[in-house]
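Hi,

Here is the structure I said I'd pass along.

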Amino acid sequence: MKILTTNVIVFTLLFSGWVLAEREFTSSDGRTLLATIDKATEQDVTLTRTSDGKSFTIALDRLSKNDREFVQAWRTVKELNTRKARELTLSLGEGRTEVVNVPEGEILTADGVLTLVPGETVHIEFDEEGHPSITHKVKNPQRTVTFKMTNKDGITMLFRETRVQKTVAMDCENRGLGSPDFSRTNLHPTEKGLMAGDSWPGSVWTLRLSNFEVTDRSAQEVYSERVAR
């Protein structure tokens, strides 16, 4: 029963802006506190009180059983959605390579912005209203788009694979070596379960996808509308 409860909490966090995670926490002696989670470990959790913004750390064994399960689920989702800092070797073509430092950060933000770097495969599941969430594996193929970004032989590529029987559109920006700024790229939407692929010079090492839309409109109609913006 505990596993089932935790899984339900994880699902709820994924689809309800888990980053904020505002909740009325209850201590083991019955006192309550409306707060958001800042960070958590296996032993304790740091909360920020909603009323005055004050932060403090509490041992998990001082919280109720339901709150301990909530914190555990929050940690699971947080880890899934966190990109660890690492070095990335880019292929620039003609045998040339360059190493860039990938900083730690969120993969999918609470407002629906997906950031990708080469070597990553990310599954994004959409709810009935078209809101995206990140998931560890494909559990609902009819609502999921898999994004895979690669860099090889001087070419950076983005593959999108889906069984969603609708048009899935998104805005895209790319960032190349030595530039702090992103440039706009117009991606043709995926439609009715079809795979799509896009390519850039190998020096492109970050993609930022936003403004996701899942619609019954045709891919060409949505594409033309977005290009005209």
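Thr-144 sits in strand 12, which covers residues 144–152; strands here are DSSP E runs of at least two residues, helices are H or I runs of at least four, and both are numbered from the N terminus. Thr-144 counts as buried because its relative accessibility is 3%. For the cut-offs, buried is under 20% relative accessible area, exposed is over 50%, and partly exposed is in between, with a 1.4 Å probe and protein chains only. The Thr-144 side chain also comes to 2.8 Å from the backbone oxygen of Asn-140. Not counting residues up to four places away in sequence, Thr-144 touches His-123, Ile-124, Glu-125, Val-138, Glu-161, Thr-162, Arg-163 and Val-164, where contact means heavy atoms within 4.5 Å.

Before I go on, the ground rules. This is a predicted model, where local features need pLDDT of at least 70 and side-chain atom pairs count only at pLDDT 80 or more, while totals for chains, interfaces and linings use all residues. Residues are numbered from 1 along each chain as its sequence is written, and side-chain values use heavy atoms, with hydrogens and water left out.

Asp-153, in the loop between strand 12 and strand 13 (155–162), has a phi near 50 degrees, a positive value in a residue other than glycine. Asp-153 counts as exposed because its relative accessibility is 63%. Asn-211 also has a positive phi, about 50 degrees, without being a glycine. But Asn-211 lies within strand 18 (residues 204–215), and at 46% relative accessibility it counts as partly exposed.

Next, two sequence neighbours. Gln-43 is in the loop between strand 2 (32–40) and strand 3, and Asp-44 is in strand 3 (residues 44–49). Gln-43 is exposed, at 53% relative accessible area, whereas Asp-44 is partly exposed at 26%. In case you want C-alpha distances, Asp-44 and Leu-63 are 19 residues apart in sequence and 9.6 Å apart in space. Gln-43 and Phe-126 are 83 residues apart along the chain, with 33 Å between their C-alpha atoms.

Helix 2 runs over residues 65–80, and its 16 residues reach 23 Å from first C-alpha to last, close to the 22 Å expected at 1.5 Å a residue; that expected span is 1.5 Å times one less than the number of residues. Its buried residues are Asp-67, Glu-69, Phe-70, Val-71, Ala-73, Trp-74 and Val-77.

Finally, the whole chain. The secondary structure comes to 3 helices and 18 strands, and the C-alpha atoms fill a box of roughly 65 × 40 × 35 Å along the principal axes. Of the 229 residues, 41% are buried. Among contacts with a separation of 6 or more, 56% are between residues 24 or more positions apart. The accessible surface is about 12,900 Å², with 49% of it belonging to carbon and sulfur atoms; the areas come from the Shrake-Rupley method with a 1.4 Å probe, and for residues only the protein chains shown count as cover.

Cheers

Technical notes:
Polar contact = N/O pair within 3.5 Å; in protein donor to acceptor, adjacent residues only side chain to side chain.
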